[in-house]
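Take a slow look at the model below.

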Amino acid sequence: MRFFAHAFAAIAAVVPFLSTSMAQSGTPVAYTDPDTDITFDTWTVSETLSKGGFTFGIALPSDALTTDATEFIGYLLCSSQNATATGWCGVSLGGTMTNSLLLLAYPYKGNILTSFRYTTGYHMPDVYTGNSKLSQISSTINATHYSLIFRCSNCLQWSQGSANGNASTSAGLVNLGWAQSFPGPENPSSPSNITLHYHDNGHNIWAATLKNAPNKSYTDWATMTKTTATGSSSTKISTTTIPASSTPLPAKARTTQK
């Protein structure tokens, strides 16, 4: 825990000095999942910034560019080193680690577990106590990546104690952040009690342009959910474990096997 706090404090000190050439692109790439036909705006992190890459995607209600959405359907594609001890990844729905709703995901015994977190400082984030809810739609795990498609209700506005925040979709631009780590969480069977290792496989913040995310099919897609979890939960669905070569990846997230 102490290392986690010191490491984040060090990162906070150097982030303002990162080269603009290392910045994450905010321009989305449309990706349609072949199994669900859900279309996402996606942003992919290259192997230059994170070994194996990282992709986050969003689908929004059809009126999200005129009326702030409170929910979205998300897509996570995270890197791993093997199919059994595969680390963790996360997104900040406000961009920064602090004062934003954080969503963490990690594989455990053939399933993807999730946890909502919140922190005001650079230390292990606390369990989020607001009313956000995650409902899984599908997931996959293989030797190089794990993926999760999910509905995230009450996730674009958040409240923890006296602090409040939101991501305004009507602005056409939202600040997002990502992080991922190869070492898995400690106490992985209990998402509310996990301890995270420092994100040794990269992190960054980007201003994400919402281009294709709003979709008139959103209401239909939102009914595909299979399980629901609030706060920090081990609720899970059957996860497909498949060979590395058959993982459905967006074009820019494809990796070359060596």
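Tyr 31, Phe 40 and Tyr 75 are joined into a cluster by ring pairs. Rings of Phe, Tyr and Trp (its six-membered ring) pair if their centres lie within 6.5 Å; planes under 30 degrees apart count as stacked, over 60 as edge-to-face and the rest as tilted.

This is a predicted model: local features need pLDDT of at least 70, side-chain atom pairs count only at pLDDT 80 or more, and totals for chains, interfaces and linings use all residues. Residues are numbered from 1 along each chain as its sequence is written, and side-chain values use heavy atoms, with hydrogens and water left out.

How many aromatic pairs does a search of the whole structure find? The search finds seven. One of them is Tyr 31 with Tyr 75, a tilted pair at 5.2 Å centre to centre, with 45 degrees between the planes. Tyr 31 lies in strand 1 (residues 29-32) and Tyr 75 in strand 4 (residues 72-79), so this pair ties together parts that are 44 residues apart in sequence. Strands here are DSSP runs (E, at least two residues), numbered from the N terminus. Both Tyr 31 and Tyr 75 are buried. Buried means under 20% relative accessible area, exposed over 50%, and partly exposed in between (1.4 Å probe, protein chains only).

Now find Phe 54 and Trp 178. Their ring centres are 5.4 Å apart and their planes are at 20 degrees, so the pair is stacked. Phe 54 sits in strand 3 (residues 54-59) and Trp 178 in strand 13, 124 residues apart. Phe 54 is buried, and Trp 178 is too.

The structure holds one cavity of 30 Å³ or more. A cavity is a set of points on a 1 Å grid over the protein atoms alone, where a 1.4 Å probe fits but cannot get out; lining residues have an atom within 4 Å of a point. Grid points are joined across faces, edges and corners, and a volume is the space filled by probe spheres set on the points. The largest cavity has about 60 Å³ of space. Its lining includes Ile 58, Phe 72, Thr 169 and Leu 210. By class, the lining has nine nonpolar, one polar and no charged residues.

Last, the loops. Most residues other than glycine have a negative phi. Asn 154 has a positive phi of about 55 degrees. Asn 154 is in the loop between strand 10 (145-153) and strand 11 (157-160). Asn 187 also has a positive phi of about 55 degrees. Asn 187 is partly exposed, with a relative accessible area of 44%.

Key:
Helix = DSSP H or I, 4+ residues; strand = E, 2+ residues; numbered from the N terminus. 1 Å grid on protein atoms, 1.4 Å probe; cavity = no way out; pocket = protein on both sides within 12 Å on 5 of 7 lines; lining within 4 Å. Nonpolar A, V, L, I, M, F, W, Y, C, P; charged D, E, K, R; others polar.
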